[in-house]
Amino acid sequence: MRLIISRKNLSEIDTVYFHDAEIAEVISNYYKHTIAMPVKLYKKDGIDTFKAIITFENTVGLDISFLEPWGAGIYVLEVNAEPVEIAHGISETLNSEDYFKVGFLLNSGDKINVIAARMIIEEMVYLDDGNSDR
């Protein structure tokens, strides 16, 4: 599975089953303006899981809370996405109307908010080398 989301097809985010996804790590690369989040997602059946990576490109904003007002937890309760206008983009090929915000609400009550121009959700594929327990 590989899904590329931009402001033009933002509603495609609704095709991903984010409920109870696990997000334990958020990796920021300041120089490349990227955010990477390894996640465990459920398939549409709500039973089987798979590992994926969510990458945000041309990122201009990241806001994460670690307050845990509802107790500890790394599971997604809900995801929302909306277009946003920013003062200026970070790329000559993008303009301020190309950006959108994605918000993840965790069961801890914490939020992860990202403003970017592109979001890529890609299933992680493992090569079986015969030495794996996966």
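Biologist: How do the residues in the lining of the second largest pocket divide into nonpolar, polar and charged?

Modeller: The classes come first: Ala, Val, Leu, Ile, Met, Phe, Trp, Tyr, Cys and Pro count as nonpolar, Asp, Glu, Lys and Arg as charged, and the others, Gly among them, as polar. Here the lining has two nonpolar, two polar and five charged residues. This is a predicted model in which local features need pLDDT of at least 70 and side-chain atom pairs count only at pLDDT 80 or more, while totals for chains, interfaces and linings use all residues. Residues are numbered from 1 along each chain as its sequence is written, and side-chain values use heavy atoms, with hydrogens and water left out.

Biologist: What is a pocket, and which residues line the second largest pocket?

Modeller: On a 1 Å grid over the protein atoms alone, a pocket is an open set of points where a 1.4 Å probe fits, with protein on both sides within 12 Å along at least five of seven lines; lining residues have an atom within 4 Å of a point. For the second largest pocket these are Ser6, Arg7, Lys8, Asn58, Leu94, Glu97, Asp98, Ala117 and Arg118.

Biologist: What lines the largest pocket?

Modeller: It has 15 lining residues, and Ile23, Ala24, Ile64, Phe66 and Leu106 lie nearest its centre. By class, the lining has eight nonpolar, three polar and four charged residues.

Biologist: Is Ser108 buried or exposed?

Modeller: Buried means under 20% relative accessible area, exposed over 50%, and partly exposed in between, with a 1.4 Å probe and protein chains only. Ser108 has a relative accessible area of 1%, so it is buried.

Biologist: What does Ser108 touch?

Modeller: Contact means heavy atoms within 4.5 Å. Not counting residues up to four places away in sequence, Ser108 touches Glu68, Pro69, Trp70, Gly71, Ala72 and Gly73.

Biologist: How is Thr15 placed, and which residues does Thr15 touch?

Modeller: Thr15 is partly exposed because its relative accessible area is 42%. Leaving out residues up to four places away in sequence, Thr15 touches Leu3 and Lys44. The C-alpha atoms of Thr15 and Leu3 are separated by 9.6 Å, and the two residues are twelve residues apart along the chain.

Biologist: Which residues have the most contacts inside the largest nonpolar core?

Modeller: A nonpolar core is a set of buried Ala, Val, Leu, Ile, Met, Phe, Trp, Tyr and Cys residues joined through side-chain atoms within 4.5 Å. The largest has 26 residues, and Phe18, Phe56, Phe104 and Met119 have the most contacts inside it.
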